[in-house]
Amino acid sequence: MFNDLLTAVDWGQISVLCLLDLSAAFDTVDHDLLWQRLERQFGLCGTALQWVRSYLSGRTFRVVYGDVMSFTVYVMCSVLQGSVLGPLFFILYMADLADWVAKYGVSLHAYSDDTQLYLHFNCTEIASSVDQLGRCVLDIGHWMSANRLKLNADKTELLFASSSYSCATLSGSYPALQLGANIVAACSHVRLLGVDICDLSLDHHVSRICAGCYYQLRQL
């Protein structure tokens with residue numbers, strides 16, 4: 001993904017990166033939809049499919065605090081976080097999203113429940129391209145609702161990357177993303193998988209790491 005963004009900037013294009021946020025993504029995976037997807041799209045059947053059903057069904061949990069134990073909660077949906085299979089099941093559950101996004105000419109990059117959309121365009125196409133991205137995100141929201149997931153528009157982030165010439169042409173002012181009643185303004189930097197990105201440079205990330213190192217050194 002970063003190579004694509006850097007190549008576009010080198011060619012004088014503007015790149016926009018949209019980081020989507022899902023509310024409690026692993027906790028809302030619908031078991032019936034997951035089983036249907038595993039069987040119809042990925043050919044899982046027989047003993048293998050029954051094993052998956054057995055693995056996810058009948059789970060319960062309780063919380064113990066001191067000498068007090070909560071009542072038993074039956075887990076009717078979700079895949080296990082912190083497990084080996086949990087992220088794999090979630091990726092398979094979200095597999096249709098790539099085809100959904102491709103209809104809008106937008107590129108998709110996903111790692112487990114971290115999902116990013118990105119798009120390249122020329123300076124003269126910025127308004128139409130951002131509108132195109134906004135329609136894509138809204139459609140993704142509808143797809144997620146139909147699949148028992150929830151797109152959190154309040155935590156969706158937007159980052160533009162361009163050459164100094166393109167930035168000067170636009171006076172450093174980029175349009176916001178309109179998502180229904182929510183407006184997503186462009187950020188100066190975003191954090192992607194623990195890495196701070198600012199206009200496709202790692203300056204902000206390096207500064208944060210150095211500040212953290214100096215803090216730890218001062219504690220010695």
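This note goes through the predicted model point by point, from the overall make-up to single residues.

1. Basis. The model is predicted, so local features are given only at pLDDT of at least 70 and side-chain atom pairs only at pLDDT 80 or more, while totals for chains, interfaces and linings use all residues. Residues are numbered from 1 along each chain as its sequence is written, and side-chain values use heavy atoms, with hydrogens and water left out.

2. Overall make-up. Of the 220 residues, 36% are buried. Buried means under 20% relative accessible area, exposed means over 50%, and partly exposed is in between (1.4 Å probe, protein chains only). The accessible surface is about 12,800 Å², and carbon and sulfur atoms account for 56% of that surface; areas come from the Shrake-Rupley method with a 1.4 Å probe, and for residues only the protein chains shown count as cover.

3. Contacts along the chain. A contact means heavy atoms within 4.5 Å. Taking contacts between residues at least 6 apart in sequence, 67% join residues at least 24 apart.

4. Cores. A nonpolar core is a set of buried Ala, Val, Leu, Ile, Met, Phe, Trp, Tyr and Cys residues joined through side-chain atoms within 4.5 Å. The largest one has 44 residues, and F90, L117, L133, V137, M144 and L177 have the most contacts inside it. Helix α6 gives the most to this core, with eight residues. Apart from it lies another core of seven residues, including L19, Y118, L159 and V190. As for L133, its contacts are V16, C18, V106, L117, L158 and L177, leaving aside residues up to four places away in sequence.

5. Helix α2. This helix spans residues 31-40, and its buried residues are H31, L33, L34, W35, R37 and L38. They pack against α3 (46-56), α4 (85-93) and α6 (126-146). The N-terminal end of α2 is capped by D30, which has a side-chain oxygen 3.0 Å from the backbone nitrogen of D32. A polar contact of this kind is a pair of N or O atoms within 3.5 Å; within protein, one must be able to donate a hydrogen and the other to accept it, and residues adjacent in sequence count only if both atoms are side-chain atoms.

6. Helix α3. Here L49, V52 and L56 are buried. They lie on the same side of α3 because they cover an arc of only 55° around the axis, the arc being that of the directions from the helix axis to the C-beta atoms. T47 and S54, on the other side of α3, are exposed. The buried residues of α3 pack against α2 and α4. Just after α3, G58 takes a positive phi of about 70°.

7. Salt bridges. The structure holds two, a salt bridge being a side-chain nitrogen of Lys or Arg within 4 Å of a carboxyl oxygen of Asp or Glu. In one, D30 pairs with R148, with the closest N and O atoms 3.9 Å apart. This pair links distant parts of the chain, 118 residues apart: D30 is in the loop between β1 (14-20) and α2, and R148 is in the loop between α6 and β8 (157-161). D30 counts as buried at 19% relative accessibility, whereas R148 is partly exposed at 49%. The other salt bridge joins D131 and R135 at 3.3 Å, N to O. These two are about one helical turn apart because they are four residues apart in helix α6. Both are partly exposed, D131 at 45% relative accessibility and R135 at 43%.

8. H31 and S78. H31 is found in helix α2 and is buried at 7% relative accessibility. The H31 side chain reaches the backbone oxygen of S78 at 2.7 Å. Leaving aside residues up to four places away in sequence, H31 touches L56, V75, M76, C77 and S78. S78 lies in the loop between β5 (73-74) and α4, and is buried with a relative accessible area of 13%.

9. Positive phi. Most residues other than glycine have a negative phi. S78 has a positive phi of about 95° although it is not a glycine. S112 also has a positive phi, near 55°. S112 lies in the loop between β6 (107-111) and β7 (114-121), and is buried with a relative accessible area of 16%.
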